[in-house]
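Here's a quick walk through one chain and the two ligands that come with it. Have the viewer open and follow along.

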Amino acid sequence: MITCKECDGKCCKYIAIEVDEPEDREDFDQMIWQLCHEGISIYIDNDNDWIVEVKTNCKYLDENNSCKIHEKVLDPNNENPIKEPDFCKKHSMENCEMNGEGLPHKLLFSKPEDIIKYMELKGIKY
Ligand code: SF4
Ligand code: SF4
């Protein structure tokens with residue numbers, strides 16, 4: 001099994017946002033605009049959900065690819081000390097994208113042209 005250090009902290013270096021399935025030219029045009037930006041990709045996951053992925057490093061990832069706030073409070077004197085989000089706690093190394101089964105996506109759109117091709121397949125005019 002690959003360790004977090006070996007995979008370079010992959011799952012702490014992006015956020016994934018579920019969005020509505022695009023239906024018409026306007027929806028696809030918005031995705032083309034999103035994919036014009038660095039660090040953005042869009043995919044259809046294995047549950048057929050549409051996901052926009054934004055590459056961005058978590059502020060609490062340290063240089064060894066460990067979480068600075070895992071099971072500890074970073075600044076206990078702060079009135080509202082930050083704790084590891086439940087979302088992260090639920091994520092386990094055993095079933096993460098590097099160690100789990102297969103790719104997290106069925107279809108990946110990494111550039112605007114990928115969406116344009118998909119529109120053609122769906123018979124939607126670009
Ligand atoms: S949980 Fe998995 S994807 Fe995340 S850093 Fe560890 S090995 Fe990499
Ligand atoms: S809070 Fe910790 S586990 Fe969650 S994304 Fe940031 S570094 Fe990773």
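## Contacts and overall shape

Of the contacts in the chain between residues at least 6 apart in sequence, 61% join residues at least 24 apart; a contact here means two C-beta atoms, placed from the backbone, within 7 Å. This is a predicted model, where local features need pLDDT of at least 70, side-chain atom pairs count only at pLDDT 80 or more, and totals for chains, interfaces and linings use all residues. As for labels, residues are numbered from 1 along each chain as its sequence is written, while chains are lettered from A and ligands numbered from 1 in the order in which they are written.

The chain has three helices and four strands, laid out from the N terminus as β-α-β-β-α-β-α. Its radius of gyration is 18 Å, well over the 14 Å that the globule rule gives for 126 residues, so the chain is more spread out than a compact globule. (That radius is taken over C-alpha atoms, and the rule is 2.2 Å times the number of residues to the power 0.38; helices are DSSP runs of H or I with at least four residues, strands are runs of E with at least two, and both are numbered from the N terminus.) Along the principal axes, the C-alpha atoms fill a box of roughly 55 × 35 × 25 Å. Buried residues make up 6% of the 126, where buried takes 20 or more other C-beta atoms within 10 Å of a residue's own, exposed 12 or fewer, and partly exposed is in between, with C-beta atoms placed from the backbone.

The four strands make an open antiparallel sheet in the order 1-3-2-4, with pairing taken to need at least two DSSP bridges between two strands. Strand 1 (14-19) and strand 4 (105-109) sit at the edges with a single partner strand each, so one side of each has no neighbour in the sheet. From one strand to the next, the twist averages 30 degrees.

Strand 1 is joined to strand 3 by six bridges, and Ile17 has Val52 as its bridge partner there. Strand 2 (residues 40-45) and strand 3 (residues 50-55) share five bridges; Ile40 partners Val54, and Ser41 stands opposite Glu53. Helix 1 (residues 25-35) lies across strand 2, strand 3 and strand 4, at about 130 degrees to strand 2. Axes for such angles are lines fitted to C-alpha atoms, for helices over the stretch in contact, and the angles run from 0 to 180 degrees between N-to-C directions.

## Two positive phi values

Asn48 belongs to the hairpin of strand 2 and strand 3, which has four residues between the strands. Its phi is near 70 degrees, positive in a residue other than glycine, and with 9 C-beta neighbours inside 10 Å, Asn48 counts as exposed.

Asp8 also isn't a glycine, and has a positive phi of about 70 degrees. Asp8 sits in the segment before strand 1 and is exposed, with 10 other C-beta atoms within 10 Å.

## Around the ligands

What surrounds ligand 1? Its shell includes Cys4, Cys7, Cys11 and Cys96, along with Lys10 and Glu97; a residue is near a molecule if its C-beta atom, placed from the backbone, lies within 6 Å of it. By class, that shell has seven nonpolar, two polar and two charged residues. (Nonpolar means Ala, Val, Leu, Ile, Met, Phe, Trp, Tyr, Cys and Pro; charged means Asp, Glu, Lys and Arg; the others, Gly among them, are polar.)

Ligand 2 is surrounded by Cys12, Cys58, Tyr60, Leu61, Cys67, Ile69, Glu84, Pro85 and Cys88. That shell splits into eight nonpolar, no polar and one charged.
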